[in-house]
Amino acid sequence: MPGASGPVTVRLRLIGQMEAWTLTSESVLPAGRKTRALLAVIALSAPRPALRGRLAELLWSRRPEEQARASLRQEIHRLLDALSPAGAEILSITRDHLSLKPGAFWVDVEEVMRATTAQPASLSLLDGDLLEDLDGVDPAFDTWLTTERERLRDRARNLAEALLREQVEPEATIPAAQQLLSIDRAHEGAWRALMRAHAARGERGMAIQAYERCRGVLADLLDAAPSAETQRLLAEIRGGGSRMAFRPSRPPPDAPEPPPTPPAQEVKPEPRPAARGGARLGVMPLQLVGTGEEEAHLAPGLAEEITTALARFRWMFLVSSNSLGRFAAESRDEDEIRRTFGLDFLLDGTIQKVRNRLRVTLRLLDLRAGNQVVWARRFDRQTHDLLTLQDEIAAEVVAQIDPEILLIEAKRVTARPPHDPTAYDLLLRALPLIGRMEHAPFIQAGELLSEAIAAEPDYAGAHAWYAYWHVFLVGQGWAEDAANALRTAGQHAEQAVTLDPSDARALTIAGHVRAFLHHRLREAIALHERALSANPNLAMAWNLSGVAYAYLGEWDEAERRITRYKKLSPLDPHAFFFDTAFIIVALLKRDYESAVAFGRAVSEMNPSFSAACKPYLAALGYLGQMQEAAVVRRRLLAIEPDFTVARFLETSPFERPQDRDHFAAGLRLAGVPDGRSGNDSPAPEAKSA
């Protein structure tokens, strides 16, 4: 701060949840909200001292003056006690004023206010609202806090706007626009700059995605549609080639004035500006039970880690855990939380310490269903490495609640009359029908996904799930024109990735299409790696990448990846599909007993899934268990009447001939028709056995 006269003693964070730490990492944050508010007002008044009378008015506006001043004196004593571990006298107190000792405090707000276009780094400190956990201290304080928040945001916004205007290249414009949007999510100028920059780099899908995000934010925050200027830019991007000329927010120095642009044809607002939906979710800082100071950071830290991990799932909308902090400190009233933030789901829980072990208990509440608990899990871990513990728990939590919430959303939409459904509604209606693996409902799912794409052609999620649907269409033998189905799957998979290159689920589905349908295994693995980079907690990506490695013949890596999937999501709703990978790997590794055990388990989950029957049946053939093989063979041929060993060999994605031959030999031993003229009886024991 100006006028510094000594070394920094305390680091004071006022943006987000308030924190105060000594240089030895000892918390000196006061326990009471009024005491914290007192410290915040003094800090934000610097370098001027704060008047006692003004402090009393801000914090006790409903009390007579004498009572307010008496309460102030008590809070000053509490503040001094809280700051005492910092050592030196860092709070200056006179009869009329209170102030911080110059230079003794590092304050994040001061760093943001001092930022310039030449030194803008401290803008990154503005990652939340000012004093998020101190709303409701006093009506006068709330009014003061609103003014301070606006002052801080205005200063940061003006600086971020100036930084954006200085950029003349797309590569620099993108982070500058993103920084401005982190400060003001509804800044249409920043959204347009982001769209132009992506389009100039040939990233048309990213540009369209930026428009979609802009549309959603404006509908959510302002109940408004994008302006005509933004819609004209979208039309220009959609109608242009693969790469657009980049027009910076202002011309570079000495650049000639651009010629006037002829008036563009007016673009009519789209009929449903915020049609696309998604679940709104919040993660409450956990309650601490019997823990010490060492674990104090774990409650907010774990909540923030889970929130950050969930934000990687493109179909969810997350509320900052810092924003929920005041409810954690007060009533934890779920109904009030839903009214305040419009949440659909709330993740809450406790952290309990028993000797050298921590027990973390979490539960997911459906706030629209009377706060019903729809998922719960308990984690018991050693306390020797809290950071690793935090990472592990967050990874498993998000991997498990992602498919759970998706199914709950699907059930909710399916229970409603199908009146004027959005593309998102149509997608949700399709998902349970896919999982049933019954022919008529499955075909209906494809029709719903096709309708979703027609309703919103730029909806990456609909294209991805439609490509996924085609994988099952071919795999179940239900495609009337298999060659056309393969082409269609590839087109929609590629379109999904083009529209949203950061959607991990779209990337891994595209990878599976490349591997299973097109047999381009190395391209598939590259897509799976991109998916895991975008979202390392997506269980589907771990599983499908493991399948691709199994097709390559790299069984150990395949097993490592599918085991990781199972650890992340042990009770996955689509386990019948994902666990089939265990059957394949066990069969190829000649562990027939394990392959049969996995096959039985998968068949119990969904006996109509033909892809699981095939490696299960081959393993039974090698074990000579012909009675069970006959049951499985009849089931398989009821689903795919034309299935033969020859057809398997023609469509097999396995790269190594010995793996294909080994699989085929097991099918012959189990009584699957060969499919070649004059050779439809089981073959003798294969040498590869």
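This is a predicted model: local features need pLDDT of at least 70, side-chain atom pairs count only at pLDDT 80 or more; totals for chains, interfaces and linings use all residues.

Analyst: Is Gln17 buried or exposed? Its relative accessible area is 18%, and buried means under 20%, so Gln17 counts as buried. As for where it sits, Gln17 belongs to the loop between β1 (10-13) and β2 (19-22). And what does Gln17 touch, once you set aside its neighbours within four places in sequence? Its contacts are Glu132, Asp133, Pro300, Asn322 and Gly325.

Burial turns up again in helix α2, residues 52-59. The buried residues there are Arg52, Leu55, Ala56, Leu58 and Leu59. If you look down the axis of α2, those buried residues fall within an arc of 165 degrees, so they line one face of the helix. Here's a handy bit of background: an α-helix has 3.6 residues a turn, so residues three or four places apart point the same way. What covers the buried residues of α2? The cover includes the helices α1, α3 (65-83) and α5, along with the strands β3 (50-51), β4 (91-93) and β5 (97-100).

Helix α1 spans residues 33-45 and α5 spans 139-166; their axes are 12 Å apart and the angle is about 45 degrees. That makes α1 oblique to α5. Their crossing is left-handed. On the α1 side you'll find Ala37, Ala40, Val41 and Leu44, and they meet Phe141, Trp144, Glu148 and Arg151 from α5. Sort the residues of this contact by class and you get 6 nonpolar, 2 charged and no polar ones.

Now for another pair, α18 (residues 504-517) and α19 (residues 521-534). Their axes lie 8 Å apart, at an angle of about 165 degrees. Angles over 145 degrees count as roughly antiparallel, and α18 and α19 are therefore roughly antiparallel to each other. This crossing is left-handed. The α18 side of the contact is made by Ala504, Leu507, Thr508, Ala510, Gly511, His512, Arg514 and Ala515, while α19 brings Leu521, Glu523, Ala524, Leu527, His528, Arg530, Ala531 and Ala534. By class, the contact of α18 with α19 has 9 nonpolar, 4 polar and 3 charged residues.

Conventions:
Residues are numbered from 1 along each chain as its sequence is written. Side-chain values use heavy atoms; hydrogens and water are left out. Axes are lines fitted to C-alpha atoms, for helices over the stretch in contact, and angles run from 0 to 180 degrees between N-to-C directions. Helices (H or I, at least four residues) and strands (E, at least two) are DSSP runs, numbered from the N terminus. Angles under 35 degrees count as roughly parallel, over 145 as roughly antiparallel, 65 to 115 as roughly perpendicular and the rest as oblique. A crossing is left-handed if the near helix is turned anticlockwise from the far one by less than a right angle, and right-handed if clockwise. Contact means heavy atoms within 4.5 Å. Ala, Val, Leu, Ile, Met, Phe, Trp, Tyr, Cys and Pro count as nonpolar, Asp, Glu, Lys and Arg as charged, and the others, Gly among them, as polar. Buried means under 20% relative accessible area, exposed over 50%, partly exposed in between (1.4 Å probe, protein chains only). The arc is that of the directions from the helix axis to the C-beta atoms.
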